[in-house]
Amino acid sequence: MNAVDGLHRPGDSPIHRLRPQVKIVALVAFTCAIAATPREAVWAFGTYAALLLGLFALARVPLTWLLSRSLVESPFLVLALAFPFMVEGPAVHLGFLTVSEPGLWAGWNLLAKATLGVWAALLLSATTPIAGVLAGLSRLRCPEILLQITAFAIRYAHLTVAEVTQMRLARLARCDDPRFLWQAGALARSLGVVFIRSFERGERVWQSMAARGYTGRLPLEVGPAPASALQWSAALAAPALAAGIATWTAVFA
């Protein structure tokens with residue numbers, strides 16, 4: 001799976017050495033704490049950001065890497081910038097702009113929580129290979145059929161992308177530009193061919209695996225099976241702090 005494991009950064013930091021299952025649980029708990037924090041608690045989101053940046057520094061992940069991968073949330077940023085002009089409510093004057101106060105809070109809420117959620121997911125991706133994530137989900141008793149579907153989708157996604165790219169280059173070499181509306185039919189037929197080829201490839205892979213004694217379970221187990229109590233405590237320290245902050249802001253803020 002190395003061909004599609006582009007987000008993983010190999011290393012030997014304390015976060016890298018944690019078992020995948022404890023990092024997955026920590027990610028879910030931390031994200032839930034972020035989502036439960038009231039949007040008015042601006043200081044809490046600043047604390048979460050500082051905590052995540054400290055974890056990235058501990059994992060020796062450069063800030064430039066984090067910022068470049070954070071561009072995946074650009075659609076949320078556009079929506080957050082649009083909220084102050086879309087949501088009705090009391091007006092606030094920002095220079096020559098007149099915006100809605102509830103819209104500002106809604107945009108801030110979306111931007112802060114989406115950014116922190118993306119950062120938390122990137123921390124897991126940077127310190128855990130895809131095979132490790134699947135192994136961690138297996139240890140957490142995730143349904144086996146979902147793990148198999150995910151594993152095969154990741155394994156063969158780059159083949160499908162390469163096939164689509166090759167077909168597009170072939171069309172361009174024949175002066176067929178798929179950007180024009182009247183060429184949508186050719187694009188649709190190309191996608192149909194890709195679907196058929198992918199289906200046939202899946203059949204061949206299944207037959208090959210069955211011929212080699214495939215029992216319905218992928219060999220995802222890596223390393224010692226259980227995580228120690230020390231690893232669970234270390235991984236859940238940051239989510240516990242975030243949960244305490246979220247609870248305090250929800251009750252007393």
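The model is predicted. Residues 75-96 form one of the stretches that the unreviewed UniProt entry annotates as "transmembrane region".

**Annotated spans**
- According to the UniProt record, the "transmembrane region" annotation covers residues 43-63, 75-96 and 116-137.

**Secondary structure**
- The protein contains 11 helices and two strands.
- Along the sequence, these elements follow the order α-α-α-α-α-β-β-α-α-α-α-α-α.

**Overall dimensions**
- The radius of gyration of the protein is 23 Å, whereas a compact globule of 253 residues would have one near 18 Å.
- Taken along the principal axes, the box filled by the C-alpha atoms is roughly 60 × 55 × 30 Å.

**Packing and contacts**
- Buried residues amount to 34% of the 253 in the protein.
- Among contacts with a separation of 6 or more, 76% involve residues 24 or more positions apart.

**Surface and charge**
- The protein carries 21 positive and 13 negative side chains.
- The centres of these two sets of charged side chains lie 8 Å apart.

Notes. Residues are numbered from 1 along each chain as its sequence is written. This is a predicted model: local features need pLDDT of at least 70, side-chain atom pairs count only at pLDDT 80 or more; totals for chains, interfaces and linings use all residues. Side-chain values use heavy atoms; hydrogens and water are left out. Helices (H or I, at least four residues) and strands (E, at least two) are DSSP runs, numbered from the N terminus. The radius of gyration is taken over C-alpha atoms; the globule rule is 2.2 Å times the number of residues to the power 0.38. Buried means under 20% relative accessible area, exposed over 50%, partly exposed in between (1.4 Å probe, protein chains only). Contact means heavy atoms within 4.5 Å. Lys and Arg count as positive and Asp and Glu as negative; His and the chain ends are not counted. The place of a charge is taken as NZ of Lys, CZ of Arg, CG of Asp or CD of Glu. UniProt positions are given in the numbering used here, feature names are shortened, and annotations may be inferred rather than shown by experiment.
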